[in-house]
Amino acid sequence: MKTARLLDKLILLTASLIGVVAFFYPFFSPALPQGPTQSAAHAQDAPLMTMVIIVLCLGAVLATLGTGEMNSKMVAILGVLTATNAVIRAVPGPAGFSFVFVLPVLCGYAYGGTLGFLLGALSILASALIGAGIGPWLPYQMFATGWVGLTSSWLPKLSQHSRLEAIMLGAWGLVWGFLFGVVMNIWFWPYVFQAQQTEIYWRPGMGLREALQHYAVFYTLTSFWWDVGRAVGNALLIWLFGAAVLKLLRRFQRRFHFIVAP
Amino acid sequence: MITFEHVTYSYPEADAPILKDLNLRIHDGDFVLVVGNSGAGKSTLLRCLNGLVPHFYGGTISGAIRVQGRDPVQCQPREMSATVGLVFQDPESQFVVDTVEAELVFAMENHALSQATMRKRVEEVLDQLSIAHLRDRRINTLSGGEKQRVAIASVLTLEPQVLVLDEPTSQLDPQAAEEVLTALQKLNADLGLTVILSEHRLERVVQYADRLLYLPGAGQPLVDGPPQKVLQQIDLLPPLIQLGKALHWDPLPLTIKEARRKISALSLRPDPVPARTVPASTPVDIAVEDLWYAYNGHAALKGVTLQIARGEFVAIMGRNGSGKTTLFKHLVGLLQPMRGSVRVRNLDTRQAPLEEIIEVVGYVPQNPNALLFADTVEEELAFTRASHKLTPGTGVQQARSEYSPDYWRQRPPLLEALGIAEHAHHYPRDLSVGERQRVALAAILAGEPQIILLDEPTRGVDYAQKRALVRYLESERGKGRTVLLSTHDVELVAESVDRVIILGDGEIVVDGPVREVMAHSLIFASQINKLFRDDHYLTVEDVLRSLR
């Protein structure tokens, strides 16, 4: 039980590290093919990366089966929620407004980081397969959405104060609305260079400070307003439906775990 | 052998344990009947046997359970499934695939048995339950009794040593119930299979059992022993036993046959009770004219014509699939006649909008879950109240309510009358079947409908609560409301209604006063009526009143 829990943590950590490496290695790559569009971004390694994250997800499920957090019934819940979330993603919202983050935030918070990570990553995969489209961005979206779920488990547990809890989760959704954009742009940013706008792009050999400055400008110009829609949408949806969904999630958790008293 | 040692179990967030310090020993080959009030923990006890409790219900468990040497709390339910076969209250909820044969092999496929074994076992169970003729049928075309036997067969394919059934006959007509119970008795006698079943209608089952377990609920110790002995100590009694107890017969008769020998000694002078009839001038509440209806070309109602006057208390009886529910759905406007007409309080259901019909008609469907969605029982009732005041005709609604809004808020009288007041703040879907059934009743009755339609209202409901329900419906009828029951419960009918309509294959077979109908029917007759074969005696009270 204890080793299983350790193994689970290890797999999550490995997955996250691989994700971080996948996002950042282009900055250290010696011969990066830069072009005016993002078409060259991860053209070679994305399929491999997708396989790696899927294998890690499977590993996480198997490793946690021995712990209290996951059992056959929680796997069933994960499956149902993943399918639901994949379908929900197909509902179009105005200006980046998307339902896809609500469940990973709430599940990560209620069921723990492993389930949150898996729900985020797998529901993006499933929705890509059923129509959202497969491309080199897919593994990066899987990592980023997985992290939404994973980090939600770090929030303090406020089940006794339902108002405070709703405010906290809504605010968390707001923060992740922007953070998701910040994280996601990195997957293609180092691959793009347009000579007429040098101040928002990266060139090999650039220092960290300068790179950050350029990225900040790039983010503000290209994604910020789009992300406002997503962030506000997240917060609104969580404030509207969060309490009701949490109640349901907790009900299942109570039913699927029991205590053997002496 | 099955043993429980100091078993205590509470559901998550329950105020008190439902099983408290339970000690129990069941030997191989026993036929055990588990009885107790609704919500006393019968289903919980049965679910402990294969580990569904606590694996699928959560909560806290302590003590030791051993079933054929295995511990269901340590094992997973999937491991227990080869030892204990559990048939749920509602057989439909346990079917996975859609034909009988495929359903029978499903469990075996999951246990990875060889094809040769599967072939052999399918043949065996088909014969054991006499369902060989059904093997290629689709499950949804089967009757209730057939479905129940298929459900039993499907758990027997794993050759369990223990067969557990949770109210296996609660949805069945008397004939189908008989078929199922005979099959169980045969399995018990021929194969030595341990059979454990719970049931509310003891009159159907008690003669088959060689042991009775009475769960008093509220943490009281259980009463355990041979049926005759236990029945002396408890007050959940079928009519025959009630009579036997009242007349101090010893030993208590469990079957009509045993009681027949005793009654010749009785001197009875029938005291003719005037049949309750409504005066001819009473306005007609429900008028059905030559009603025809078919589902996908399969005729369900064939030219039904009937009139029900205001204030009548009527039971619709008939086999599973004889058209009772279809008729009810027409009365509330959920279905519309293909031919003929249905008028409810002078509203033609084909023209009147549904909102107008449900102002007048309250319909409680067979499956109480269909009605329950609120977070607490109280909210469920409040929702009905609120939506009835918001529908068109608000002023009228307010005026005809007999209770002030405060009265409802402070002490829901309905919950008291139906014995579920203690659950006012509980989550409806966590309650037992009998309790849910009564919550659904309350949720509909809260709208104070003028015509009350109840489809199988006594599923999972014990004798005392049945009486409480009858009392409540009597008082509603006293206020000029019309009550229709669709039921298989002949004892309920004998005690409450004035008029019985028996449907057969979509047509009205019999329509008449309850005494007349029961005295001339073999299947739809109450126990007391079967015993005396005289239309003066339907209930225990009838007999006791005539004693001189």
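Q: Which residues touch the most other members of the largest nonpolar core?
A: In this predicted model, they are B:Val34, B:Ala442 and B:Leu453, and the core they belong to has 151 residues.

Q: Which domains of chain B does that core draw on?
A: It takes at least three residues from each of domain 1 (2–236) and domain 2 (284–546) of chain B.

Q: And is there another core, and where would I look? Which residues are in it?
A: Another core, of 59 residues, lies apart from the 151-residue one. Look in chain A for some of its members, including A:Ala110, A:Phe180, A:Ala231 and A:Ala235.

Q: You mentioned domains. How far apart are the C-alpha centres of the two in chain B?
A: The centres of domain 1 and domain 2 of chain B are 30 Å apart.

Q: How many residues does each one put into the contact?
A: Domain 1 of chain B gives 21 residues and domain 2 of chain B gives 23 residues.

Q: On the domain 1 side, which helices supply at least two residues each?
A: Helix H6 (144–156) and helix H7 (174–191) of chain B do. H7(B) has the largest share of that side, with three residues.

Q: What's that side made of, by class?
A: The side of domain 1 of chain B that touches domain 2 of chain B has 12 polar, five nonpolar and four charged residues.

Q: Switching topic: how many residues are in contact between the two chains?
A: There are 12 residues of chain B in contact with nine residues of chain A. On the chain B side, helix H2 (52–55) and strand E4 (59–67) each supply at least two residues, and E4(B) has the largest share, four residues.

Q: What classes are those chain B residues?
A: Six are nonpolar, five are polar and one is charged on the side of chain B that touches chain A.

Q: How does strand E1 of chain A run against E4(B), parallel or antiparallel?
A: Parallel: three bridges join E1 (residues 258–260) of chain A to E4(B). Within that pairing, A:Ile259 has B:Thr60 as its bridge partner.

Q: You named helix H2 of chain B. Which proline lies in it?
A: B:Pro54 lies in helix H2 of chain B. A cis peptide bond joins B:Val53 to B:Pro54, with omega about 5°.

Q: Where's the B:Asp250 and B:Pro251 cis bond, then?
A: That cis bond has an omega of about -5°, and B:Pro251 is in the loop between helix H10 (239–246) and helix H11 (256–263) of chain B. In general, most peptide bonds are trans.

Q: OK, sheets. What's the strand order in the open sheet of four strands?
A: The order is E11-E10-E13-E14 in chain B, with antiparallel pairing.

Q: Why is one side of E11 and of E14 left without a neighbour in the sheet?
A: Strand E11 (298–309) and strand E14 (347–348) of chain B are at the edges and have a single partner strand each, so one side of each has no neighbour there.

Q: How many bridges join E10 to E11 in chain B?
A: Nine bridges join E10 (residues 284–295) of chain B to E11(B). B:Ala294 stands opposite B:Ala299, and B:Ala287 has B:Gln307 as its bridge partner.

Q: What's between those two strands?
A: They form a hairpin with two residues between them, and B:Asn296 in the turn has a positive phi of about 45°.

Q: Is B:Asn296 buried or exposed?
A: B:Asn296 counts as exposed, because it has 4 C-beta neighbours inside 10 Å.

Q: And B:Glu448, buried or exposed?
A: B:Glu448 counts as buried, because it has 21 C-beta neighbours inside 10 Å. Its phi is near 45°, a positive value in a residue other than glycine. B:Glu448 is in the loop between helix H18 (433–445) and strand E16 (451–455) of chain B.

Q: Last one: what's the mean pLDDT of chain A?
A: The mean is 86, with 97% of chain A's residues at 70 or more.

Technical notes: Residues are numbered from 1 along each chain as its sequence is written. Chains are lettered from A and ligands numbered from 1 in the order in which they are written. This is a predicted model: local features need pLDDT of at least 70, side-chain atom pairs count only at pLDDT 80 or more; totals for chains, interfaces and linings use all residues. Two residues are in contact if their C-beta atoms, placed from the backbone, lie within 7 Å. Ala, Val, Leu, Ile, Met, Phe, Trp, Tyr, Cys and Pro count as nonpolar, Asp, Glu, Lys and Arg as charged, and the others, Gly among them, as polar. Two strands pair if DSSP finds at least two bridges between them. A nonpolar core is a set of buried Ala, Val, Leu, Ile, Met, Phe, Trp, Tyr and Cys residues joined through C-beta atoms within 7 Å. A residue is buried if 20 or more other C-beta atoms lie within 10 Å of its own, exposed if 12 or fewer, and partly exposed in between; C-beta atoms are placed from the backbone. Domain bounds come from an automatic or database domain assignment. pLDDT is the predictor's confidence in each residue, from 0 to 100.
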